[in-house]
Amino acid sequence: MRNAEELLLTGKYTISEVAYTVGMSSMAYFRQCFKDEFGISPSEYLKQLKTKFSTLPF
């Protein structure tokens with residue numbers, strides 16, 4: 001799941017592409033494993049990151 005997290009953070013891949021890249025053909029299983037590891041779904045994880053970075057002053 002850490003590898004999946006890194007791929008998501010690059011912003012180059014969709015959640016489906018990341019799941020497939022890390023060897024999971026079932027999105028439901030990937031979503032559950034991600035949630036077990038990080039406490040939230042992959043889509044919520046990305047939403048939180050976008051919100052966090054959009055509020056940073058530059």
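Here is a short chat about a predicted model of a protein chain.

Student: How many helices and strands are there in the protein chain?

Tutor: Going from the N terminus, the elements run α-α-α-α. The count for the protein chain is four helices and zero strands.

Student: What does the C-alpha trace of the protein chain span along its principal axes?

Tutor: We're talking about a chain of 58 residues, of which 24% are buried. Its accessible surface comes to about 4,300 Å², with 54% of that belonging to carbon and sulfur atoms. Along the principal axes, the C-alpha trace spans about 40 × 20 × 15 Å.

Student: Are α1 and α3 roughly parallel or roughly perpendicular?

Tutor: Two packed helices are described by the angle between their axes and the distance between the axes. Here α1 and α3 pack at about 100°, with their axes 10 Å apart. Angles of 65 to 115 degrees count as roughly perpendicular, so α1 relative to α3 is roughly perpendicular.

Student: How many charged residues are in the contact of α1 with α3?

Tutor: On the α1 side you've got Arg2, Ala4, Glu5 and Leu8, and they meet Phe30, Phe34, Glu37 and Phe38 of α3. Sorted by class, that contact has five nonpolar residues, no polar ones, and a charged count of three.

Student: Is glutamate 5 buried or exposed?

Tutor: Glutamate 5 sits in helix α1. Leaving aside neighbours within four places in sequence, glutamate 5 is in contact with Phe38 and Tyr45. Buried means under 20% relative accessible area, and glutamate 5 comes in at 15%, so the word for it is buried.

Student: Which residues does leucine 7 touch, not counting those up to four places away in sequence?

Tutor: Setting aside residues up to four places away in sequence, its partners are Tyr13, Val18, Thr21 and Val22.

Key. Residues numbered from 1 in each chain as written. Predicted model: local features only at pLDDT ≥ 70, side-chain atom pairs only at ≥ 80, totals over all residues. Heavy atoms only, no water. Contact = heavy atoms within 4.5 Å. Axes fitted to C-alpha atoms, helices over the stretch in contact; angles between N-to-C directions. Helix = DSSP H or I, 4+ residues; strand = E, 2+ residues; numbered from the N terminus. Parallel < 35°, antiparallel > 145°, perpendicular 65-115°, else oblique. Nonpolar A, V, L, I, M, F, W, Y, C, P; charged D, E, K, R; others polar. Buried < 20%, exposed > 50% of the residue type's maximum accessible area, 1.4 Å probe, protein only. Areas by Shrake-Rupley, 256 points an atom, 1.4 Å probe, with all protein chains shown as cover.
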